[in-house]
Amino acid sequence: MEPQLLHSVGDGIATVVIHHPAKRNAMTAGMWRALPPLLDGLAADPAVRAVVLTGEGDTFCAGADISTLRGSSDEAQGLAVRAEDALAAFPKPTLAAVRGYCVGGGSQLAAACDLRFAEAGALFGVTPAKLGIVYPASATRRLVSLVGPATAKYLLFSGELIDAERALRTGLVDEVLAGDELDKRVAEFTRVLTARSLLTQAAAKEFANGRTGRDTHWAEQARGSGDTAEGVAAFLERRPPRFTWTTPGSGPASGG
């Protein structure tokens, strides 16, 4: 099978699989190009409540497939940045499920997700210093926001790999699971996500990412959504809530 991004949708979760096992799921130029339109389609799909990004087999992503990026370094980096930015801007929750190597472009993609759950044996690295590449400003800022400037400098200056436990301590990952528990925990947690209000999640994501000037927008969305009334009613009636708001453009339940 050619290197590609595979995806499936079930129970409200879109699973996107980085599929290039011959090169530890390294991202080709075509795969970088394919990610933004794939995410656009998933964002517009009302059946999708969250996205899980993972790698085929026992590796998340070992970086960029250098053999497919023989053009200018600026062009190659631009492809990665556009893909990373599309992932970071995705309007619904995103979670990276990480096994094995999460290095270079792989760490860039994982950092662009909202959350990262890792297998205990996972290894993380940010490696542009090994290639003489200037790491993109957007990716650097995103890394600093996760781990702080000191750890970001350690990773960027050295290119050294760190294990999952250190990644957890520094904030690069949110949970570390035994290998046979990762899929179970991801499924369990994404069920939690789909049971919650997407209105709350989408607004919180924008605010947490630093977007400003949207207070009025979200107040209007909340007034028109019915989610707050439903949440209160469900709490008082001791039943699970049935939230209906979805991101604008995702279908008739959109809050305007």
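Trainee: Hi! Where is asparagine 25 found?

Mentor: Asparagine 25 sits in the loop between β2 and α1. Helices (H or I, at least four residues) and strands (E, at least two) are DSSP runs, numbered from the N terminus.

Trainee: Good to know. What kind of model is this?

Mentor: This is a predicted model, where local features need pLDDT of at least 70 and side-chain atom pairs count only at pLDDT 80 or more, while totals for chains, interfaces and linings use all residues. Residues are numbered from 1 along each chain as its sequence is written, and side-chain values use heavy atoms, with hydrogens and water left out.

Trainee: Back to asparagine 25, then. Buried or exposed?

Mentor: Asparagine 25 counts as buried because its relative accessibility is 0%. Buried means under 20% relative accessible area, exposed over 50%, and partly exposed in between (1.4 Å probe, protein chains only).

Trainee: And what is its phi?

Mentor: Phi of asparagine 25 is near 60°, a positive value in a residue other than glycine. Most residues other than glycine have a negative phi. Arginine 24 has a positive phi too, near 50°, and lies in the loop between β2 (13–19) and α1 (29–44).

Trainee: Why does arginine 24 count as partly exposed?

Mentor: Because its relative accessibility is 45%.

Trainee: Let's move to the strands. How do β1 and β2 run?

Mentor: Strand β1 (residues 4–10) and β2 run antiparallel, joined by seven bridges. Two strands pair if DSSP finds at least two bridges between them. Leucine 6 has valine 17 in β2 as its bridge partner.

Trainee: What about the hairpin of β1 and β2?

Mentor: That hairpin has two residues between the strands, and aspartate 11 takes a positive phi near 55° there.

Trainee: And in which sense do β2 and β3 pair?

Mentor: They pair in the parallel sense, over six bridges. Valine 16 is partnered with leucine 53 in β3, and threonine 15 stands opposite valine 52. Together, β2, α1 and β3 make a right-handed β-α-β unit. Right-handed means that, with the strands pointing away from the viewer, the path from the first strand over the helix to the second runs clockwise.

Trainee: How many residues of β3 are buried?

Mentor: Six of the six residues in β3 (residues 50–55) are buried. Ala50, Val52 and Thr54 cover one side, with Val51, Leu53 and Gly55 on the other. In β2, six of its seven residues are buried.

Trainee: New topic: how many disulfides are there?

Mentor: The count comes to zero, where a disulfide is a pair of cysteine sulfur atoms within 2.5 Å.

Trainee: Last one: where is isoleucine 133?

Mentor: Isoleucine 133 lies in the loop between β7 (123–125) and α4 (137–158). With a relative accessible area of 41%, isoleucine 133 is partly exposed.
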